[in-house]
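Please read it with the model open.

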Amino acid sequence: MDQPDDTVVKRRERTAFLLLTAVVFPLLAVLIVASYGFIVWFWQMFVSGPPTGH
């Protein structure tokens, strides 16, 4: 079985790193913040009730 060339491996690692840092992690961060905001909104809207003015 042939081993892949060292330059091919480095290129794949660089591509995977760039994909993770430029696409996956920012998207994951946005989704986490948005879901936290939705949970807080849902909690305030339906569970804790409207503000009472105290």
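Is aspartate 6 buried, exposed or partly exposed? Aspartate 6 has 49% relative accessibility, so it counts as partly exposed. Buried means under 20% relative accessible area, exposed over 50%, and partly exposed in between, with a 1.4 Å probe and protein chains only.

This is a predicted model: local features need pLDDT of at least 70, side-chain atom pairs count only at pLDDT 80 or more, and totals for chains, interfaces and linings use all residues. Residues are numbered from 1 along each chain as its sequence is written, and side-chain values use heavy atoms, with hydrogens and water left out.

**Salt bridge**

Aspartate 6 pairs with lysine 10 in a salt bridge, with 4.0 Å between the closest N and O atoms. The rule asks for a side-chain nitrogen of Lys or Arg within 4 Å of a carboxyl oxygen of Asp or Glu. The count by this rule is one. Both residues belong to helix α1, four residues apart, about one turn of the helix. Helices are DSSP runs (H or I, at least four residues), numbered from the N terminus. Lysine 10 is partly exposed, at 47% relative accessible area.

**Aromatic pairs**

Rings of Phe, Tyr and Trp (its six-membered ring) pair if their centres lie within 6.5 Å; planes under 30 degrees apart count as stacked, over 60 as edge-to-face and the rest as tilted. The count comes to four aromatic pairs. Two of them are tabulated here.

| Pair | Centre distance | Plane angle | Class |
|---|---|---|---|
| Phenylalanine 38 and tryptophan 41 | 5.5 Å | 35° | tilted |
| Phenylalanine 42 and phenylalanine 46 | 5.0 Å | 55° | tilted |

Phenylalanine 38 and tryptophan 41 are three residues apart in helix α1 (residues 6-47), so about one helical turn separates them. Phenylalanine 42 and phenylalanine 46 lie four residues apart in helix α1, about one turn. Phe38, Trp41, Phe42 and Phe46 make up one aromatic cluster.

How exposed are these rings' residues? Phenylalanine 38 is partly exposed at 48%. Tryptophan 41 is partly exposed at 40%. Phenylalanine 42 is partly exposed, at 40%. Phenylalanine 46 is exposed, at 56%.

**Nonpolar patch**

Phe38, Ile39, Trp41, Phe42, Trp43, Met45, Phe46 and Val47 form a nonpolar surface patch with about 900 Å² of accessible area together. Patch residues have over 30% relative accessible area and no salt bridge; nonpolar side chains (Val, Leu, Ile, Met, Phe, Trp, Tyr) are joined within 5 Å, like charges within 9 Å. Areas come from the Shrake-Rupley method. Isoleucine 39 sits in helix α1 and is exposed, at 54% relative accessibility.

Conventions
Helix = DSSP H or I, 4+ residues; strand = E, 2+ residues; numbered from the N terminus. Areas by Shrake-Rupley, 256 points an atom, 1.4 Å probe, with all protein chains shown as cover.
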